[in-house]
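Visitor: I've got a structure here and a few quick questions. Can we go through it?
Guide: Go ahead.

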Amino acid sequence: MATFGNLSDRLSATFKNLRGKGKLSPADVDGTVREIRRALLDADVNLEVVKAFTGRVRDRALGDEVSKALNPAQQVVQIVNDELITILGGQQRRLQFAKNPPTVIMLVGLQGAGKTTLAGKLAKWLASENHTPMLVAADLQRPNAVTQLQVVGAHAGVTVFAPEPGNGVGNPVRVAKDAIKYAKDKQHDIVIVDTAGRLGVDAELMRQAADIRKAVDPDEVLFVLDAMIGQDAVTTAKAFQDGVDFTGVVLSKLDGDARGGAALSVASVTGRPIIFASTGEGLDDFEPFHPDRMASRILD
Ligand code: GDP
């Protein structure tokens, strides 16, 4: 994955230095941990996350599991792999569906994070899994947002619910409520609500998203995070957690070549799982997130 290319290279260079050593001295372990720490910080992984991570790696690397291993260097790689899986959230967390349809999924995040694109990706993927998703245009801030969602919906081949002129315009809470009623009538089993984003976190945006959340009681609130925004990822995630709260994270733009390490911190910092990864502008550039596969890619 392009975003983590540099981090991958740095880690593999670190591990190369260990290869061929029989026993590892405490100095070997310390040197390795220091290099891992630098590589993670240079990739923009959050400082607190790096501290906790390297602390655990160091403790384990100095313990029996490495000193008694047939191949100590390989055991250290295994430990780093395990601990990466842990910071990425551990087990895979699947999307949760309502017992009584429709399942309501609400998307939140900054403007440009990739929400509207994700709405299309998610709808197309769910339709391919025999669901009957419907998209809802509750982003009424940007003049183009409704049209953009309609275009995305047409590409994905799914229904888009948008406010009628003069009816609900400017009132996203009402649009979202009407949409759910409509979905029940028309037997759509999943409703994906696209909400407004701003360029920066702002109080009114949070209030609006929180109002929609309260009105529609979603089964999932997905926070879409642009992996390319660097260290701001963590502050933005915390602001959305405080303002609306979310049940899961979607990492978008993982195909970019910016340092994406901050995105690796988000599950640890918020305690919310990463559910999907978005890897391009196309509707198929999207996959369920597997912490173990991501760790393997980073350590490849
Ligand atoms: P929104 O404002 O949150 O709804 O964001 P959009 O869905 O409109 O996306 C903003 C821009 O990012 C658009 O130009 C998208 O094509 C692009 N985009 C969205 N997701 C991805 C992704 O995973 N990778 C890349 N490279 N671009 C993306």
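Visitor: How many bridges join strand 2 to strand 4?
Guide: Six, and strand 2 (residues 133-138) and strand 4 run parallel. Strands here are DSSP runs of E with at least two residues, helices are runs of H or I with at least four, and both are numbered from the N terminus. Two strands pair if DSSP finds at least two bridges between them. This is a predicted model, where local features need pLDDT of at least 70 and side-chain atom pairs count only at pLDDT 80 or more, while totals for chains, interfaces and linings use all residues. Residues are numbered from 1 along each chain as its sequence is written, and side-chain values use heavy atoms, with hydrogens and water left out.

Visitor: Which residue of strand 4 is the bridge partner of Val136?
Guide: Val193. Strand 1 (residues 103-108) is also parallel to strand 4, joined by five bridges, and there Leu107 has Asp194 as its partner.

Visitor: Is strand 4 buried or exposed?
Guide: Six of its six residues, 190-195, are buried, so strand 4 is largely enclosed by the rest of the structure. Buried means under 20% relative accessible area, with a 1.4 Å probe and protein chains only.

Visitor: Which residues are on each side?
Guide: Ile190, Ile192 and Asp194 are on one side, and Val191, Val193 and Thr195 are on the other. In a regular strand the side chains alternate between the two faces of the sheet.

Visitor: New topic. Which helix gives the most to the lining of the largest pocket?
Guide: Helix 6 (residues 115-128), with three residues.

Note on methods
Buried means under 20% relative accessible area, exposed over 50%, partly exposed in between (1.4 Å probe, protein chains only).
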